[in-house]
Amino acid sequence: MSYNIEKRLESFKEIEIEPSAQLISKTLQLARAYTEQKRNRRRINWIPTFMTASLAVIAVIFAIITFVNLKENTMVISSETAAIYSLDINPSIEMGVDSNKEVIEVKSLNEDGKLLLKQVNCMGLDIKDCFNQLINKAVELGYISEDDINYVMISEIVVKSDFMSIKEEMTDVTKPESVKLVFLIGDIEDKETADSKGISIGKEIFQEKAQEIGISIKDSDLIEKSIKEVISNSSSSVSQLFDKTKTYTTPEFVAESHEGYIAMTWKEISDDGFSGYKIVISKNNAAPEYPADGYLVFITDTKQTSYLITDQVKYQGGDFGEQLMDNESYYITITAVYSDKNITGKAVKVKYTSKKEVVITPSQTPSPSPSPVVNQAAFIHGERLQDGTVNLTWDKIYSASFTGYKIVASATNENPKYPDDGYIKYITDKNINSLHIGNEFSGVLKKGSNYYFSVTVLYGNESIAGNSVQLKYMETKITPPPVEIKGTTITGERLSNGNIILGWDKIDDASFTGYKVVASATNQSPCYPEDGYITYITDRSQTSLLLDASYSGKLAYGTEYYFSITALYGEKKAAGNAIKLKYMDNQAESEFKQSVITGQRMADGSVLLSWNKIDDTRLTGYKVVASSSNPTPSYPEDGYIKWITDKNTTSLLVDSSFASALIPGTEYYFSITALYNDQKVKVPGNAVKLKYMETTMSSGYLPSIITGQKMEDGTLLLSWDKIENSEFSGYKIVASATNQTPSYPADGYIRWITDKNSTSLLVDSSFASTLTYGTEYYFSVTVLYNNQTVKIPGNAVKFTYMSTAVQESHNSSVISGQRLEDGSLLLTWDKIESNDFSGYKVVASATNSSPSYPNDGYISWITDKNSTSLLVNSSFSSSLVPGTEYYFSITVLYNNQTIKVPGNAIKLKYLDTASQSELIASTITGQRLSDGNILLSWDMINVEGFSGYKVVASATNPNPSYPADGYIRWITDKNVTSLLVDGSFSSSLTEGTGYYFSITVLYNSQTVKIPGNSVYLLFR
């Protein structure tokens, strides 16, 4: 950077810049172009020299404008932030919440947002309550008209993966009928782009969605105009993003009883969000519905419009057992399952009659001739699979005169039979009673057409046709069949202490990866990911869960929830049934006491609140609450202005330091909410009404200038100016690792000094419980005046707290290691005998030759000082990559983990496949068939540790392997050693192209991958 530019940049620190609208517009255009380039992941290989120079100058200007205008409006994500929300009307506001969904940071993004936040204090509120108050206050201030359509955008970015989205809960937000509430979901990249433009994350996501339908919205419009104005001035297509009304269709069906089955047909449902049909049956309930009355089958093919009910499929959760009984009547209906609700059709009552067996009564007079045998038809059943193919099954025929089955299909005849309608398959083996009608029938059947399928049984010279089923054959696009997945049945009961015990069926499928336990207070059929989850269980052997008080951060006391289990199979999910239970009833907690509050207004306008002390060992603290409108405020509904954890503290001076939360000159209702059992139980008390702080404040109070010096032993000596003012109340010594201008109370304090003559502080090891060794901090002094009602912060100095020099009395641990024959590593280290010992952190880094905790994380945390070795085997494959060299070291923690002493490092390769020579590759061969299909064959692997075969194909790499070249089929059955590569692979392979095919064998839970040879063949 040149000297002139440096001087200009330096001058910008001293003056306030108000750039012209034209300059802002130009720079925003550049930002938008850059963002679009980033989103499309395009590489620009050259830029003309003059353009490079121009962009450099503009980049400097843009950086200055961004620094001056956007710095204060950019919310920083802290370690406590679990999710970020924005609200856009014309006021634009951004909020951060913690894992309890309580607001921990609020930022206004425009002037209207500032005005709205002056009227509503969201800090400490539940995010839904915050939205309620903001929207209602926006109505009062005129931002929302009750006589016209208003669009209110709420956006969400989840920061922590275990945070449950509030999307479904937003239906409870109180709002005028004129408001159309739109909920958008984005990611961290959307926030980064939004911050660079100076707009909310909601507006950024909205702009992206508009671009997806071909509508361009200017950045300047998003900054200057309300959402309503942007929509009004843009194409009507934009409003369709918001005005699209979700439809729910009530199933209409016909059910007819036949001998051995009940035939159901219905009208197809094609609504957005529709996921399938549940066939529901009840013996006693005239209006059964899912999930209350269970279900027979869940049909996820939304195009399927028929089903045959027999006694071969077991019923789940019904009132009549698992199977239909002969000559019994049942109420039958269909529940349409949507992502957010279920819609059940009107039930019909149908009698079920089982298929009658023909019994030959022997003659009373013995006869040498055999008893006559009645030849029977074969009852057929069929289903259309998700890949468009058809699967038919039928009764086996055991007659001695049986000669074969003719499988018949007709597009026009509802009762086709052989020989009148020909046949598509002739089967002479009586034990074969199923047929998969896939792509190989495309020369006989027309893809995408409906057919009536039936079976004609041949008996010598006699042929008997059975019933028929109508199914659609093969959509034009053929996709590989999905992994077969199944849900699990959940049960549960509420215990006498309010806890809930859940239980469910174990799943032993090899592709199963875990259970998501789901809970919803509103959705009767909750599932993951739509309804989030309360815990994730990857141990397939675990089939129960105790929901006790530890889940109160995710569940509300005394609330009824629908609980269910979603089983995960890789990327596929299967939701099971749901049960309804109340969580942790508050009746047993009636003995918790409230605190009675009193208050008085002081001469200086401050308010002195007092309340009775609660002597209960379960007490966690007091939340001091204030509301200008609610006569009986309580936490968390009305937020809080002070959180007090010292049960002996029974008073609070509400002075000018509360001006960020309260409005001077305003009357408030103050109350105390007592919290018990780690904040799980909340007991509000009475309220008092008092006026808070007139705006008068003395301007004669001075700050104190701080200096500091680092001592040889690593301690820090802070010094500051003495304050001689008669209203002096004390010095608050403040430290912050992130805020360059820390002050009290915003950044807390590390020492409170009331002696005006005490003007220095030695920051030594006694502060280790508050400060972290080796960390840089900004230190400052806030001077308090007038009984602590006035707080004047001063300058700040930057120093590292307690460098490692002070840690010489704490030893490191020397590590050594060896690689075992199986590729695993045995690490050993010196034992630490210090009384201050807290534990060993075993650290590994592939890049840092001197790794340490916390900078490089850790792979194991050991608190037993006698444990001085660790076997690093395949169980570490989730954090370490097999075949990779790592630097391993031990960081010893002392003094309740406040002191961290790293040691030496050693370099070893983790799980090198070279040591696993017994794990062999599989040799592949192949041939191209006359129909253009390819038949691949390979050696069977019968080695311990086998995990599966990955069939790989590459048009360019002569030696393809997994994972580098992906795969076209994943086979876990070691006995399967061939694969027909036919038209079903057209979505992954290109017809008329030659491919190198190979097999990669996976061992040891897929941690070891052994590729084999390859064969080159032309696909179709």
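This is a predicted model: local features need pLDDT of at least 70, side-chain atom pairs count only at pLDDT 80 or more; totals for chains, interfaces and linings use all residues.
Residues are numbered from 1 along each chain as its sequence is written, and side-chain values use heavy atoms, with hydrogens and water left out.

I begin with confidence. The average pLDDT, the predictor's confidence in each residue from 0 to 100, is 80 for the protein, and 85% of the residues score at least 70. Residues 476–481 stay under 50, and the model gives them 13 contacts beyond four places in sequence; a contact means heavy atoms within 4.5 Å. The pLDDT is also below 50 over residues 913–917, a stretch with nine contacts beyond near neighbours in sequence.

Turning to the overall make-up, the protein has 10 helices and 55 strands. These are DSSP runs, with helices being H or I of at least four residues and strands E of at least two, numbered from the N terminus. Of the 1020 residues, 43% are buried, where buried means under 20% relative accessible area, exposed over 50%, and partly exposed in between, with a 1.4 Å probe and protein chains only.

Which residues touch the most other members of the largest nonpolar core? They are Phe-779 and Phe-888, in a core of 55 residues. Such a core is a set of buried Ala, Val, Leu, Ile, Met, Phe, Trp, Tyr and Cys residues joined through side-chain atoms within 4.5 Å. Beyond four places in sequence, the contacts of Phe-888 include Ile-815, Val-843 and Leu-908.

I turn next to the helices. Helix 6 (residues 188–197) and helix 7 (residues 201–212) have axes that come within 8 Å and cross at roughly 105°. The two helices are therefore roughly perpendicular, a term for angles of 65 to 115 degrees. Axes here are lines fitted to C-alpha atoms over the stretch in contact, with angles from 0 to 180 degrees between N-to-C directions.

Finally, the backbone. Most residues other than glycine have a negative phi, and most peptide bonds are trans. The bond from Tyr-418 to Pro-419 is cis, with omega near 10°, and Pro-419 is found in the loop between strand 16 and strand 17. Lys-101 has a positive phi near 65° and counts as buried at 13% relative accessibility. Asn-787 also has a positive phi, about 55°, but is exposed at 60%.

Methods:
Angles under 35 degrees count as roughly parallel, over 145 as roughly antiparallel, 65 to 115 as roughly perpendicular and the rest as oblique.
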